[in-house]
Amino acid sequence: MTIGKIIDGKGFAAGLRARVGEGVAAFVEETGRKPGLAVVLVGEDPASAVYVRSKGKMTVEVGMESMEFRRPAGISAEELLELIDELNHDERVDGILVQLPLPAHIDERAVIAAIDPAKDVDGFHVTNAGLLATGQEALVPCTPLGCLMLLKDELGDLSGMEAVVIGRSNIVGKPMAQLLLAENCTVTIAHSRTRDIASVVHRADIVVAAVGRAEMVKGDWIRPGATVIDVGINRLADTEDGKGRLVGDVATAEALPHVRAITPVPGGVGPMTIAVLLRNTLVAAHARAGLVAPADL
Ligand SMILES: NC(=O)C1=CN([C@@H]2O[C@H](COP(=O)(O)OP(=O)(O)OC[C@H]3O[C@@H](n4cnc5c(N)ncnc54)[C@H](OP(=O)(O)O)[C@@H]3O)[C@@H](O)[C@H]2O)C=CC1
Ligand SMILES: Nc1nc(=O)c2c([nH]1)NC[C@@H]1CN(c3ccc(C(=O)N[C@@H](CCC(=O)O)C(=O)O)cc3)C=[N+]21
């Protein structure tokens, strides 16, 4: 039996960050200022804190200004909206990311709606979602755009391929499906109400799993030669050191003999998300400065 390729998302992300770094240097040369990324973290979710820390580090590494705004979980919606309004009007800020999830008493939709779409580097604002859905230039959500970059790097032209996206969230599944449709794939979106999901997935040349259920996608669901992108980040608490182990939504070891290529967890989509966030910030900075962003991002 042949064994599939493990896609090096971590390596691809490092390359993308290097290209972003070159674009940042040219932007600084041109404008005399650094692109700025503001990250807002509400409350003390430990997983979010890890993500925010590594984001801040990589933002500085590519030569951008990193601004972090930590607020207590008890912050009122009004105070949070005021902060966003300040960031919208701050000339040094090109990108605004409000880490999700927010505490239950805050309406996430209202917060996302308050972000200036031109600074919405997560691509979550309805303006950007609508632009993407209608085939117009938009800031595109980082995780799905990172997945698409890996797919195009592995497969080249995706035209005519059967793609199955598992998951229909606004931040991953739906924009992923839009991107694959724009690449001329035949797209199916599966979710918790999908009947006989194994056979739906078995049709696919491309599988993107964005569910949040550890190793849900079994090896024998995968069509021989398919390419599998595993977005899931699930922490299992079964290790001896008690730190837990990260696994994706796909049973990777089982799938490996069936696939052409598959992304690992960790080291696959996760690092791409952060690299694309920096890419989007550079794109937003160029647009705000009336400049054309480098084409090879
Ligand atoms: N690598 C990265 O950078 C990122 C990783 N993630 C990870 O990706 C995963 C998905 O995230 P997100 O989209 O935010 O999650 P959500 O919880 O918002 O969405 C999960 C989706 O999976 C579907 N689903 C749930 N159970 C099943 C099932 N048994 N069979 C089929 N579909 C099912 C749900 O269906 P329904 O709509 O019917 O409820 C829903 O559409 C998570 O593990 C998350 O941690 C997320 C963002 C970034
Ligand atoms: N407004 C907003 N935008 C987001 O993009 C966003 C968010 N909120 N909330 C949380 C999710 C999750 N997310 C991840 C990003 C990188 C890794 C990542 O780099 N993971 C490493 C492993 C990290 C580890 O070891 O814990 C990897 O997969 O190799 C994971 C998860 C972005 N999210």
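**View 1. Residues of the annotated binding site.** The UniProt annotation "binding site", from an unreviewed entry, covers Gly167, Arg168, Ser169 and Ile233. UniProt positions follow the numbering used here, feature names are shortened, and annotations may be inferred rather than shown by experiment. This is a predicted model, where local features need pLDDT of at least 70 and side-chain atom pairs count only at pLDDT 80 or more, while totals for chains, interfaces and linings use all residues. Residues are numbered from 1 along each chain as its sequence is written.

**View 2. Arg168 and its surroundings.** Arg168 lies in the loop between β5 (162-166) and α7. Helices (H or I, at least four residues) and strands (E, at least two) are DSSP runs, numbered from the N terminus. Arg168 counts as partly exposed because it has 18 C-beta neighbours inside 10 Å. The scale: buried means 20 or more other C-beta atoms within 10 Å, exposed means 12 or fewer, and partly exposed is in between; C-beta atoms are placed from the backbone. Leaving out residues up to four places away in sequence, Arg168 touches Gly173, Lys174, Ile189 and His191. Contact means C-beta atoms within 7 Å.

**View 3. Ile233 and its surroundings.** The loop between β8 (227-230) and β9 (234-236) holds Ile233. Ile233 is buried, because 20 other C-beta atoms lie within 10 Å. Leu246, Val265 and Gly270 touch Ile233, not counting residues up to four places away in sequence.

**View 4. Helices α6 and α7.** The axes of α6 (residues 142-155) and α7 (residues 173-182) come within 8 Å and cross at roughly 40°. Axes are lines fitted to C-alpha atoms, for helices over the stretch in contact; angles run from 0 to 180 degrees between N-to-C directions. Pro144, Leu145, Cys147 and Leu148 of α6 meet Pro175, Met176 and Leu179 of α7.

Definitions and conventions. Chains lettered and ligands numbered in written order. Contact = placed C-beta atoms within 7 Å.
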